[in-house]
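Work through the exercises below with the model open. Try each task before reading its solution.

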Amino acid sequence: IFKNFKKPTHIALTGCSAGGTVLPVAYDLINSHYNTFGVRAVQINTVSDSPVYLTPQWFLDKSIDNWNPWPIMKRIGFNYNKWKSSTDYPTKVWDHVLRRGSNRDRWGIVTHTQDETSQAYYEWMSGAYADDDDGGGRNLEGDDAVSSQWWYELSTSIATIEKKHHNVKDWYIEEDGHCSFGLYYPLQTDGFASWAGNIFVENKILGHTAPSVPLFLTAMIAAALLALGIFFSTSKKREIELDGGDLLKNKDQTP
């Protein structure tokens, strides 16, 4: 991105599933690169589709260090050691990134209210299938128990983020499903296109305008000039016709 886009003014980020999970980190890295020294040169708007970001306690105790997350967490200034054992870990990451970013950048979180893919990861990360020698985890008996616990923790996390940051909005799809590429499933629901349009709308940034604004103004100016040209051309034609009529009239009256 940095090599190919030297001076962008507007960036739109989306991600599906694991790709949606890492968007806060991607946003922070991009924001820190382009918007330096307190100068906001780039607007970055983001929609995360079906992020799989819950971190059950068993995963935090037994597995998170295996993923070696601290180097990237250090790059975004997040205190990994402080929060790595807290089930609020993902919510803290979101909060940290949003506080470092601009409240004029807009965020959207999209999820189904039932998501077997996310629930399966949640169950595994809870240690439900771990060996007894590995400590085991929560024994979530039955699909309904997994679904209820997953939804409670996810919706609570999203609500916490939205309450603290008013530039974050949610879009819930009231059915079972996961994401696909290009925001495919939410685009099948009524009203989503308008909701996403409000997230991705381009605002004026430090003397720059959205690409559509100069084009619109140019079109308006061209239309105004064309209208003026037609008006003056019509007026001149009418004057010539009137003058011609007067000359003929005067000619007839000449003895």
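**Exercise 1: a charged patch**

E116, E174, E175 and D176 form a negative surface patch. The model is predicted: local features need pLDDT of at least 70 and side-chain atom pairs pLDDT 80 or more, while totals for chains, interfaces and linings use all residues. Numbering starts from 1 along each chain as its sequence is written, and side-chain values use heavy atoms, leaving out hydrogens and water.

Task: Find which strand gives the largest share of the negative patch, and classify E174 by accessibility.

Solution. 
- Step 1. Recall the patch rule: residues have over 30% relative accessible area and no salt bridge, with like charges joined within 9 Å and nonpolar side chains (Val, Leu, Ile, Met, Phe, Trp, Tyr) within 5 Å.
- Step 2. Asp and Glu count as negative, Lys and Arg as positive; His and the chain ends are not counted. Each charge is placed at NZ of Lys, CZ of Arg, CG of Asp or CD of Glu.
- Step 3. Assign the strand. Strand β4 (residues 168-176) supplies the largest share, three residues. Strands (E, at least two residues) and helices (H or I, at least four) are DSSP runs, numbered from the N terminus.
- Step 4. Classify. E174 lies in strand β4. Its relative accessibility is 65%, so E174 is exposed. Buried means under 20% relative accessible area, exposed over 50%, partly exposed in between (1.4 Å probe, protein chains only).

**Exercise 2: two sides of a helix**

Task: Which residues of helix α7 are buried, and which exposed residues does the face turned away from them carry?

Solution. 
- Step 1. List the buried residues of α7 (residues 116-125): S118, Q119, Y122, E123 and M125.
- Step 2. Look down the axis. These buried residues fall within an arc of 165°, so they line one face of the helix. The arc is taken from the directions running from the helix axis to the C-beta atoms.
- Step 3. The face away from the buried side carries the exposed residues E116 and W124. E116 also belongs to the negative patch.

**Exercise 3: salt bridges**

Solution. 
- Step 1. For D105 the relative accessible area is 0%.
- Step 2. Take K84. K84 is in the loop between α5 (80-83) and α6, D65 in the loop between α3 (57-62) and α4 (70-75), so the bridge ties parts 19 residues apart in sequence. K84 is partly exposed at 25%; D65 is partly exposed at 36%.
- Step 3. Take R99. R99 is exposed at 56%, whereas D95 is buried at 11%. Salt bridges that share partners join D95, R99 and K164 into one network.

Technical notes:
Areas by Shrake-Rupley, 256 points an atom, 1.4 Å probe, with all protein chains shown as cover. Salt bridge = Lys/Arg side-chain N within 4 Å of Asp/Glu carboxyl O.
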